[in-house]
Amino acid sequence: MTKSILITGCSSGIGEAAAHAMKARGWRVFASVRRAEDRDRLIAAGLESLLLDCGDTTSIDAGVAEVLDRTGGTLDAVFNNAGFGLPGLVEDLPTDALRHIFETNVFGLHHLTRAVIPTMRAQGHGRIVQHSSGFGRHVMKWRGAYNASKHALEGLTDTLRLEMRGTGIHVSTLNTGPVTSKFRVNSIPRFEAWIDWEASAEPDKYRRELLPFLYEDTGRAAFQREPDAVVRRLIHACEAPNPRPRYHITGATHIAEGLRRALPQRMLDAIAARL
C-alpha cells in the first residue's frame, strides 16, 4: 500500500527537494505551498500540490481536509517544513512582529500537527517530523525572533514525543544548520516591514553586520550543505523502524552541540558574540 506524506513549505529549497525525493521513493506526496503559481508549477512537475498557508488556521484546516479527502482518510506522515526568519535586534523587534513569526513557525505548525494526530491515532501509526533548526537549541545575534520561535517549537515537540509513546506515532525533530535555500532572501521583506533600523540605538551595527548579510551575496556559509542533506534525514525519520528523536544536520550543529556539552555558558556567550 502506498504511503502518504504532507509536506509544507514546498515552494523552493528543502521542501521542494523533499517532495520530489519522497515521490521518487514511492510515497504519495502532498506538497503544500502558499501561492497558486507555485502550486501550478509543482503540479506541472508531476507532484500533487495544494494551497496551505501555515499562518492561517482556516487554510490549514482546509488543506488537511483536502489531503484526507484525496487519500480516503489516511495519512502516514507529515513534514512540518514551513517557516521564515525575521532578523533584527531584539530591542528593535515590535511585539506584533514576534506574534507574526510565531503564527507560522509555532502556532500554525502546532495547529497542523493537532489536525493530523486524530487520523494517525485511528490508524495506529504515523510519523510527525518537525523542522526546527540549530537555533532551536543555540542562539546567535540578530535572530531573536527566529531563535525564540524555534525554542518554542523544541519544547512543544519534545513534550509531544513523550506523550505519543505507545501510540504508534513517532515524533522526530530536524535540527538543521546552514543549507542552500532562499531563506535569507525571503526574510528581507519581513525585515523591511517590521524593523526600523535607522531609528535603532545601533544603526551603525546594522550597517556593518546585518545589512551586508541580507542584501549582499557573501557566498557559502561555513559548513553549508545542499537540501539533500536534510532530505536524507527526513527519509530515515519517515521510513526507519525506530526513527531518531533528533537529527543534527550539517557540521555546524554537531560542533555547537559539542561545545554546549563541554563549555560553561559564559564561554559559549563569548564565542557566539563574535559570530
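In which helix does Ser187 lie? Ser187 belongs to helix H6, which covers residues 183-194, where helices are DSSP runs of H or I with at least four residues and strands are runs of E with at least two, both numbered from the N terminus. The model is predicted, so that local features need pLDDT of at least 70 and side-chain atom pairs count only at pLDDT 80 or more, while totals for chains, interfaces and linings use all residues. Residues are numbered from 1 along each chain as its sequence is written, and side-chain values use heavy atoms, with hydrogens and water left out.

Taken as a whole, the protein chain has ten helices and seven strands. Its radius of gyration, taken over C-alpha atoms, is 19 Å, which agrees with the value near 19 Å for a compact globule of 275 residues, the globule rule being 2.2 Å times the number of residues to the power 0.38. Along the principal axes, the C-alpha atoms fill a box of roughly 60 × 45 × 30 Å. Of the 275 residues, 46% count as buried, a class that means under 20% relative accessible area, with exposed set at over 50% and partly exposed in between (1.4 Å probe, protein chains only). Contacts, meaning heavy atoms within 4.5 Å, can be sorted by sequence separation: among those with a separation of 6 or more, 68% come from residues 24 or more positions apart.

Ser187 itself is buried, because its relative accessible area is 4%. Leaving out residues up to four places away in sequence, Ser187 touches Gly85, Pro87 and Leu214.

Gln123 has its place in helix H4, residues 95-123, and counts as partly exposed because its relative accessible area is 23%. Beyond its neighbours within four places in sequence, Gln123 is in contact with Thr74, Leu75 and Asp76; the C-alpha atoms of Gln123 and Thr74 are separated by 7.4 Å, although the two residues are 49 residues apart along the chain. The side chain of Gln123 also reaches the backbone oxygen of His125 at 2.9 Å.

Asp158, in helix H5 (residues 144-163), is likewise partly exposed, with a relative accessible area of 24%. Its side chain is joined to that of Arg246 by a polar contact of 3.1 Å, a term for a pair of N or O atoms within 3.5 Å in which, within protein, one must be able to donate a hydrogen and the other to accept it, and residues adjacent in sequence count only if both atoms are side-chain atoms.
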